[in-house]
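Subject: Structure handover

Hello,

Here is the structure I promised to pass on. Please open it first, then read my notes below.

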Amino acid sequence: MKPTPKIESTPPKLPAQEAGEKTAYDSDHSEVKYQNLVSQLNPHFLFNSLATLESLIYSDQRLAVKFLSQLTRVYRYVLTTRHTKLVTLGEELCFIKDYADLLQTRFGKGLEVCLTVPEAYYSYQIVPTTLQILIENATRHNLTDPDSPLLVTIKTENQRLIIENNLQIKRTLEVQNRQGLSSLRNLYAYFSETALEIQQTPEFFRIVLPLL
Amino acid sequence: MKVLIVEDEALIAEQLQRMLKDIAPQAEVLDVLHSVKNARRWFMQNAEPDLLFMDIQLSDGISFDLFNYFDIKCPIIFATAYDEYAIKAFKVNGIDYLLKPIDEEDLIRALGKFKALQKNQSISTEVLQTLANHPSQIGRMYKEKLIVQHRNASIPINLADVSLFYLDQVIFVVTNDGQKYIAEQNTLDEIEDILNPNEFFRAGRRQIINQNAVESYKGDASGKLYVKLRSSHVSEVEISREKAPVFKRWIDR
């Protein structure tokens, strides 16, 4: 893919900020918002979902209607939170359920998304679409083969949010995007004293997010 | 028509099968493969299909990688969600590139291309078959008639009736019945080009003779040949020692 020009953004001004910090925030936030836009408009996600929907219209109308509702909610969430700094974890997880369902309908047994966050954590805050970006990264770079499924787990551990997947890297023609991850880290560094951690072993890839 | 589908998303593959059933009922889907790994295994165990439908990004890698393992010769119709790899697709034998969800019209067009390709291939097979059965037809067709100018009119002459072409400033065409015309061509090489070498023989720098016009021939001590023609115009045509064996092979076949 060609490098896309930076999409202009107008993050809400933070009153207590120094001028220099504000610039850093602007740039990081716009980067993540750019990421959101990419996920919002990710052509592979959109067109593959539409192709799946077409198939379901013939084979399973009930599921087609459900799939369409979920697709609609996913796109509406991405659009409405575009200018929002933070949402509750509950809201994000509700969106992620829809998003994960869409992916699971498409990939079948090749993907499993496991959400085990206790409700007590739902009022914590999170940057919108963080989890979607992380799940998309996981599916983009790893096998989603029914013979060797990708398992993404979202759970809590010591007051942190963990997003973990088994590592089974596949070859991809899409441009690797580590930048998305690093700008997400910068953004979390702005919001929290605790840094976003990336942990990688030969078998696992883990993101540890501070809960806000 | 035997079709193989390589597509990692089962529902999308199902839809393609439905569309094929509608548009090309004669298509027999041999298999649907969802990964590079399965496709590799399939190509190791099976003969190539007539047509291959192939997604590009698969659940375990990129379908183009198959071409590193197999010399796949069948036509391929690529299908992908997003138009990014079209150029690479055509470097292998991609005949079309479809975007998902696949539009019915696009699929019809792609299958049309495949049929056109198949037709061309079967025609060339047909031609080869004909040539195999009739080896004499191998190569080019020869003319049957020659147009000459005579008294401001164009006269078509059957080449079978020509006994001799000879060069004497211009090229004369002599027929079996003794008529003599002037050919439009300037050199005997040009004439020779349009003649069937089984019927006509370049006797030397100045003559081409028709096999049917040869009445008799005889040799002399030096190895030269003297050919007597039925035409009354030229009594004998001399053939050099070097050309004599070629003439003998030509006349005795």
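Asp55(B) sits in strand β3 of chain B, residues 51-55. Strands here are DSSP runs of E with at least two residues, helices are runs of H or I with at least four, and both are numbered from the N terminus. Asp55(B) is buried, because 25 other C-beta atoms lie within 10 Å. The cut-offs are these: buried takes 20 or more other C-beta atoms within 10 Å of the residue's own, exposed 12 or fewer, and partly exposed falls in between, with C-beta atoms placed from the backbone. UniProt, in an unreviewed entry, lists Asp55(B) under "modified residue: 4-aspartylphosphate". UniProt positions follow the numbering used here, feature names are shortened, and annotations may be inferred rather than shown by experiment.

What does Asp55(B) touch, not counting residues up to four places away in sequence? Its contacts are Val6(B), Glu7(B), Asp8(B), Ser63(B), Ala79(B) and Thr80(B). A contact means that two C-beta atoms, placed from the backbone, lie within 7 Å.

Some ground rules. This is a predicted model, where local features need pLDDT of at least 70, side-chain atom pairs count only at pLDDT 80 or more, and totals for chains, interfaces and linings use all residues. Residues are numbered from 1 along each chain as its sequence is written, while chains are lettered from A and ligands numbered from 1 in the order in which they are written.

Now confidence. pLDDT is the predictor's confidence in each residue, from 0 to 100. Chain B has a mean pLDDT of 85, and 87% of its residues reach 70 or more. Within chain B, strand β1 (residues 2-6) has the highest confidence, at 97, and helix α4 (residues 86-91) the lowest, at a mean of 64. Residues 135-139 of chain B stay under 50, and the model has 3 contacts for them beyond four places in sequence. For the complex, the predictor gives an ipTM of 0.76 and a pTM of 0.64.

Next, chain A. It has 6 helices and 7 strands. From the N terminus on, the order is α-α-α-β-α-β-β-α-β-β-α-β-β. Of its 212 residues, 34% count as buried. Among contacts in chain A with a separation of 6 or more, 69% join residues 24 or more positions apart.

Where do the chains meet? The contact takes 23 residues from chain A and 20 residues from chain B. Helix α2 of chain A (residues 43-59) gives the largest share of the chain A side, 12 residues. By class, that side has 9 nonpolar, 9 polar and 5 charged residues. Nonpolar covers Ala, Val, Leu, Ile, Met, Phe, Trp, Tyr, Cys and Pro; charged covers Asp, Glu, Lys and Arg; the others, Gly among them, are polar.

Look at Ala81(B) in this context. It lies in the loop between β6 (76-80) and α4 of chain B. Ala81(B) counts as buried because it has 23 C-beta neighbours inside 10 Å. Beyond four places in sequence, Ala81(B) is in contact with Pro43(A), His44(A), Phe47(A), Asn48(A), Ala51(A) and Lys100(B).

Then the cores. A nonpolar core is a set of buried Ala, Val, Leu, Ile, Met, Phe, Trp, Tyr and Cys residues joined through C-beta atoms within 7 Å. The largest has 69 residues, of which Tyr99(A), Ile135(A), Val6(B) and Phe53(B) touch the most other members. Helix α4 of chain A (residues 89-107) supplies the largest share of this core, 9 residues. A second, separate core of 25 residues includes Leu146(B), Val148(B), Phe200(B) and Phe247(B).

Last, strands in chain B. Strand β10 (residues 162-168) is largely enclosed by the rest of the structure, because 5 of its 7 residues are buried. β10(B) pairs antiparallel with strand β11 (residues 170-175) over 6 bridges; pairing needs at least two DSSP bridges between two strands. In their hairpin, with 1 residue between the strands, Gln169(B) takes a positive phi near 75°. β10(B) also pairs antiparallel with strand β14 (residues 207-210), over 3 bridges. There, Phe165(B) has Ile208(B) as its bridge partner.

Best wishes
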